[in-house]
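This report describes selected features of one protein chain. The sequence and coordinates are shown below.

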Amino acid sequence: MAEEFRPIKEGKVREVYDNGDSLIMVATDRISAFDVILKNMVTDKGAILTQMSKFWFDYTQDILPNHMISCDTKDMPAFFQNDKFQGRSMKVKKLNMLPIECIVRGYITGSGWASYQENGTVCGIKLPEGLKESDKLPEPIYTPSTKAELGDHDENISFEQSVDHLEKYFPGRGQKLAEQLRDNTIAMYKKCADYALTRGIIIADTKFEFGLDEDGNMVIGDEMLTPDSSRFWPLDGYEAGHGQPSFDKQFVRNWLKENPDSGYKLPEDVIDKTIDKYKEAYKLLTGKEFHK
């Protein structure tokens, strides 16, 4: 009988299992918005997130190592070798995760647009005058935030505050780690956003998470450039001056805003459209049809 595993950590979407010298990360079909887990499951969503992260980890390993060891359940304990875990599980290295959400914005939208309209800044960074909603920024900007506990909200902080925050956990290393996080975040974003444009997708913004391996080297962890952690817009029809259609869960957020009495339960047609958008983004970016 296969050894039974229980998650050592459950996030809004992912479950993490301890596998001795490694971890098994399983992306569920849960979907969250506004830091709330919705009452619906979105079939195959977790597998798409896992396979898309795998694609990007492979694509960026020349910039920075990542935590991925294998996405094949044959490389995992027998407990994971069944349909429930197929396609949605990733065996990864154990890292000392850094307590910063590394957000990068290449276009002005969402909360950044709201802030810019108010005072001409995004997360304290002064931007040129005259920008329109969804405009491409002259250069991508790095806007870190603290990592909130489940149910709490992340807090946007300045680069200087990120130095102080890291210093609390890594005395004497805060400045260097903050600079590495910023520089790696921008480098990853530029390479991937340039590639995505050739595939018909604008990556408006995204977030990365990094950790340190046992030798103290920086490694990218968690997920990477999925529709859950990024804003993907179709390049075809892109026009600054208003909000854009999207391939990500912004579609779900918009529906929830328009239906404040929904109780965080989505109708079936919204679920179907959501997974169709995720699958379309996967096909455009990878050049392959999605298969678990």
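How many residues does the largest nonpolar core have, and which of them have the most contacts inside it?

## Nonpolar core

In this predicted model, the largest nonpolar core has 66 residues. Those with the most contacts inside the core are Trp56, Leu98, Leu181, Ile203, Phe208, Phe210 and Met224. Helix α4, spanning residues 174–198, gives the most to this core, with ten residues.

For Leu98, the contacts beyond four places away in sequence are with Lys147, Leu166, Phe170, Leu177, Leu181, Phe210, Gly211, Leu212 and Met218.

Five strands form an open sheet in the order β1-β2-β3-β7-β6, and their pairing is antiparallel. Strands β1 (9–10) and β6 (68–70) stand at the edges with a single partner strand each, so one side of each lacks a neighbour in the sheet.

Between β1 and β2 (residues 14–19), the antiparallel pairing runs over two bridges. Lys9 stands opposite Val16 in β2. Helix α1 (residues 45–60) packs on the sheet, where it touches β2, β3 (22–27), β6 and β7 (89–93). The direction of α1 makes about 40 degrees with that of β7.

## Helix α6

Helix α6 (residues 268–286) has 19 residues, and its span from first to last C-alpha is 27 Å, close to the 27 Å expected at 1.5 Å a residue. Buried residues in α6 are Val270, Ile271, Thr274, Ile275, Tyr278, Ala281, Tyr282, Leu285 and Thr286. Viewed down the axis of α6, its buried residues fall within an arc of 130 degrees, so they line one face of the helix.

Just after α6, Gly287 adopts a positive phi of about 80 degrees.

How values were computed:
Residues numbered from 1 in each chain as written. Predicted model: local features only at pLDDT ≥ 70, side-chain atom pairs only at ≥ 80, totals over all residues. Heavy atoms only, no water. Core = buried A, V, L, I, M, F, W, Y, C linked by side-chain atoms within 4.5 Å. Buried < 20%, exposed > 50% of the residue type's maximum accessible area, 1.4 Å probe, protein only. Helix = DSSP H or I, 4+ residues; strand = E, 2+ residues; numbered from the N terminus. Contact = heavy atoms within 4.5 Å. Expected span 1.5 Å × (residues − 1). Arc of directions from axis to C-beta. Pairing = 2+ DSSP bridges. Axes fitted to C-alpha atoms, helices over the stretch in contact; angles between N-to-C directions.
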